[in-house]
Amino acid sequence: MRLAPAPPNGKDIVKMMHDRYAGKWYRTFTFNQTTEVYRNDTLRDTQIWYEAMRFPDRFRMDFGVADSGNAMIMRGDSAYRFHNGQLRSTQISNNEGLIFLLGGIFFYPLDQTYTILDSLHYDLGKAHEDTWKGRPVYVIGAAKGEEGVSQLWIDKEYLYLVRMIKIDDKRKLEAQFDDYKPLGGGFCETKCTFYFNGKLVQVETYHDCKGDLSLDDRLFDPANFLPRGR
């Protein structure tokens, strides 16, 4: 009698993702973003942001007109905020690991990927299969029906992230990633919805998505800040 194969654990699922996209995923990504900001589930403001990424760990957001000098640069676990072209603050921030989870994951060796996920408090020893918005998914970090723990929901066919639940110190952030489009050797999400402790806080819609562009190193260099458009 042939035994049924064991269901995949978190490491198995991450390896499937890595095998599918490592060496194929686009390294750079630029887009314009319509940002809707909510408070108490009510729309309070709509803004346009201009964003650029260089995986695995470079990210920049510019706010307002092209030469405003209002921006945030992220390098590794550091975030630098600029206003009118001047550095206003520097702080430790990993953006909840989103740069890593949405593409950076494919630019590290597999063992290092496991280590980073562990540092983000996702339990790779737990996994199950579920359904999300009518599609089958793998869930990393939680047993079936388990709540109150950080977890990643991965589309079973395309092996990209569709839902993230991050819980730290009784603080719950949920992010949903939708409307994926093919880009380079991978895919890009074009709609992101964020909830904080169950309340809608932000909806992002991407436009003019481009991958594998040549980006000036100064774009991500806080020591030589270059306003967008100059």
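Residues are numbered from 1 along each chain as its sequence is written, and side-chain values use heavy atoms, with hydrogens and water left out. Because the model is predicted, local features need pLDDT of at least 70 and side-chain atom pairs count only at pLDDT 80 or more, while totals for chains, interfaces and linings use all residues.

**The main core**

Select L152, I154, L161, M164 and F177. These residues have the most contacts inside the largest nonpolar core, which has 56 residues. A nonpolar core here is a set of buried Ala, Val, Leu, Ile, Met, Phe, Trp, Tyr and Cys residues joined through side-chain atoms within 4.5 Å. Buried means under 20% relative accessible area, exposed over 50%, and partly exposed in between, with a 1.4 Å probe and protein chains only. In soluble globular proteins, nonpolar side chains tend to be buried together.

Now centre on M164. Leaving out residues up to four places away in sequence, M164 touches E96, L98, L101, Y122, Q151, L152, L173, E174, A175 and F177; contact means heavy atoms within 4.5 Å. Another core, of 5 residues, lies apart from the largest one, and A71, I73, Y80 and F82 are among its members.

**Two cavities**

How many cavities of 30 Å³ or more does a search of the whole structure find? There are 2. On a 1 Å grid over the protein atoms alone, a cavity is a set of points where a 1.4 Å probe fits but cannot get out; a pocket is an open set with protein on both sides within 12 Å along at least five of seven lines; lining residues have an atom within 4 Å of a point. Grid points are joined across faces, edges and corners, and a volume is the space filled by probe spheres set on the points.

For the largest cavity, with a volume of about 70 Å³, select M17, W25, L101, L102, I105, F106, L159, Y160, L161, Y180, F187 and E189. By class this lining has 11 nonpolar, no polar and 1 charged residues. Ala, Val, Leu, Ile, Met, Phe, Trp, Tyr, Cys and Pro count as nonpolar, Asp, Glu, Lys and Arg as charged, and the others, Gly among them, as polar.

The second largest cavity holds about 40 Å³ of space. Select V14, M17, L101, I105, L117, I140, L152, I154 and L161 to show its lining, which divides into 9 nonpolar, no polar and no charged residues. Helices (H or I, at least four residues) and strands (E, at least two) are DSSP runs, numbered from the N terminus.

Of its 30 lining residues, select M61, N95, L98, F194 and E204, the closest to its centre. Strand 15 (residues 199–211) gives the most to this lining, with 4 residues. The lining divides into 19 nonpolar, 6 polar and 5 charged residues.

In the second largest pocket, about 240 Å³ of space, select G76, N94, G97, F100 and I116, which are the closest to the centre among 13 lining residues. Helix 2 (98–101) and helix 3 (110–119) are the elements that give two or more residues to this lining; helix 2 has the largest share, 3 residues.

**Strands and turns**

Strand 7 (residues 127–132) and strand 8 (residues 135–140) run antiparallel and are joined by 6 bridges; two strands pair if DSSP finds at least two bridges between them. A127 stands opposite I140 in strand 8. In this hairpin, with 2 residues between the strands, K133 takes a positive phi near 55°.

Move to the loop between strand 2 (42–54) and strand 3 (58–63), where P56 lies. A cis peptide bond joins F55 and P56, with omega about 20°. Then find N84 in the loop between strand 5 (78–83) and strand 6 (86–92). N84 is not a glycine, yet has a positive phi of about 55°.

**The end of the tour**

Finish in the segment after strand 15, which holds D212 and S214. D212 also has a positive phi of about 55° without being a glycine, and counts as partly exposed at 48% relative accessibility. Is S214 buried or exposed? S214 is exposed, because its relative accessible area is 77%. Its C-alpha atom is separated by 35 Å from that of L200, 14 residues apart along the chain.
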